[in-house]
Number of protein chains: 2
Amino acid sequence: MEKKAVILLSGGIDSTTILAIAKNQGYETYALSFRYGQKHKIEIEKAKKIARNFGVKKHLILSIQLNKIGGSALTDNIPIPKGRNLMEIGSGIPVSYVPARNTIFLSYALAWAEVIGTGDIFIGVNAVDFSGYPDCRPEYIMAFEKMANLATKVAVEGKIRFRIHTPLIHLTKAEIIKKGLELGVDYSLTHSCYEPLSDGRPCGQCDSCKLRLKGFKEAGYVDPLVYPDNR
Amino acid sequence: MEKKAVILLSGGIDSTTILAIAKNQGYETYALSFRYGQKHKIEIEKAKKIARNFGVKKHLILSIQLNKIGGSALTDNIPIPKGRNLMEIGSGIPVSYVPARNTIFLSYALAWAEVIGTGDIFIGVNAVDFSGYPDCRPEYIMAFEKMANLATKVAVEGKIRFRIHTPLIHLTKAEIIKKGLELGVDYSLTHSCYEPLSDGRPCGQCDSCKLRLKGFKEAGYVDPLVYPDNR
């Protein structure tokens, strides 16, 4: 029987790359995406195309209501910073931080993994390149994994041991892009911008666009997305 | 400034009792309930009345879609066991177990607590009286708490330390009921049944009804709910 994995898929560079990695490792893939009230909900349409492109076994899209909790520039009435330089992006935890988002996403992934009968969960977190998010660090992932193995019926009964796979955690964005290209990822399908233009193009000015563009530049490739002429 | 606490409120005996305990400890209370596709969604109406009765500062009800994940008799097409005796109820993890439910609930509570600026989260888990759920045990709660303090911006910045309060974890159902009555809880407002009758009365036959009735009996009180004549 093919081994299964749940892949948290946002439609960005990192999650698309881990989907490619999991496929390459021989997993039958179950992609999980969330409508959580994000301003850039266009990413869900991208995630659908990516999931089809990779032939995932199932793509589950859940509507959850993080915007009712708020507290983030991505979900709440807080402006998304534009035009910051890399030093500004690198200092402290940005306002795009969504309270407990990865914990909530991983908790759903845990539930689904238990139901489909696998312990393998992939998440595209990354602790370098200025992400600044506390829930992208190795010590957090290790603590979540430990908790998961105490939380669930299949783990307590000794049938499954949960493992949170983070193949990108120590890579730079440039290294991630190179790895994805080696595996045949089509990055024109992906979306990174926190606040895209009304025509769907990325803004080119938010932290996420800046880090994406820096990654492509350092990797020596041209980002296949079309940006407005403001970079 | 009054200290704040997030209270996970399902509308059952345990969560209503912890709401009373938190109020008694001087907290300004923020109640959090979930429509998660449960068969006994009547509990949400009960939770609303209980929240009003206790004068909570805010009652947030989130619609999440655990029924899309399934895997439980409470959310899926799996019959809820009826008429089991206490020895049967006490053996193993029951089919009413919902994969990762407390982890998902606590993750949302964590997000909300971070946004309102408190580290205090109350959950009515209970490790005795046959609950059998892995995510009700002290070792699980400790692991969640540790993870929470690595996951969040306010914890990592040293502004807030999260604490998961579980004042009922080592009490029997009878002790919980006695404590609640001391604090003036009106248990006629609460709901425990996994599959109530169409008129809203509890079935009297599911594990949850059986444990509730046993609790009242051992506490020396009469359950104020009206049951069909089948006990």
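**Note on the predicted two-chain model**

1. Contacts along the chain. Among contacts in chain A between residues at least 6 apart in sequence, 72% join residues at least 24 apart. The structure is a predicted model, and the points below should be read with that in mind.

2. Elements of chain A. The secondary structure of chain A consists of eight helices and five strands. Followed along the sequence, these elements give the pattern β-α-β-α-β-α-α-β-α-α-β-α-α. The radius of gyration of chain A is 17 Å, close to the 17 Å that the globule rule gives for 231 residues, so chain A is as compact as a globular protein of that length.

3. Extent and burial. The C-alpha trace of chain A spans about 55 × 35 × 30 Å along its principal axes. As for burial, 54% of the 231 residues of chain A count as buried.

4. Strand S1 of chain A. This strand covers residues 4-8 and is mostly covered, with four of its five residues buried. Strand S1(A) pairs with strand S2 of chain A, residues 28-35, through five bridges, and the two run parallel. To find this pairing in the structure, look at A:Leu8, whose bridge partner in S2(A) is A:Leu32. Between S1(A) and S2(A) the chain passes through helix H1 of chain A, residues 13-24, and this β-α-β crossover is right-handed.

5. Which strand of chain A pairs with S1(A) over two bridges? Strand S4 of chain A, residues 120-122, does so, also in the parallel sense. Here A:Ile7 stands opposite A:Phe122 in S4(A). Strand S1(A) therefore has two parallel pairings to trace, one with S2(A) and one with S4(A), where a pairing needs at least two bridges.

6. How the copies are related. Two copies of a chain are related by a rotation about an axis and a shift along it.

Key. Residues are numbered from 1 along each chain as its sequence is written. Chains are lettered from A and ligands numbered from 1 in the order in which they are written. This is a predicted model: local features need pLDDT of at least 70, side-chain atom pairs count only at pLDDT 80 or more; totals for chains, interfaces and linings use all residues. A residue is buried if 20 or more other C-beta atoms lie within 10 Å of its own, exposed if 12 or fewer, and partly exposed in between; C-beta atoms are placed from the backbone. A crossover is right-handed if, with the strands pointing away from the viewer, the path from the first strand over the helix to the second runs clockwise. The radius of gyration is taken over C-alpha atoms; the globule rule is 2.2 Å times the number of residues to the power 0.38. Two residues are in contact if their C-beta atoms, placed from the backbone, lie within 7 Å.
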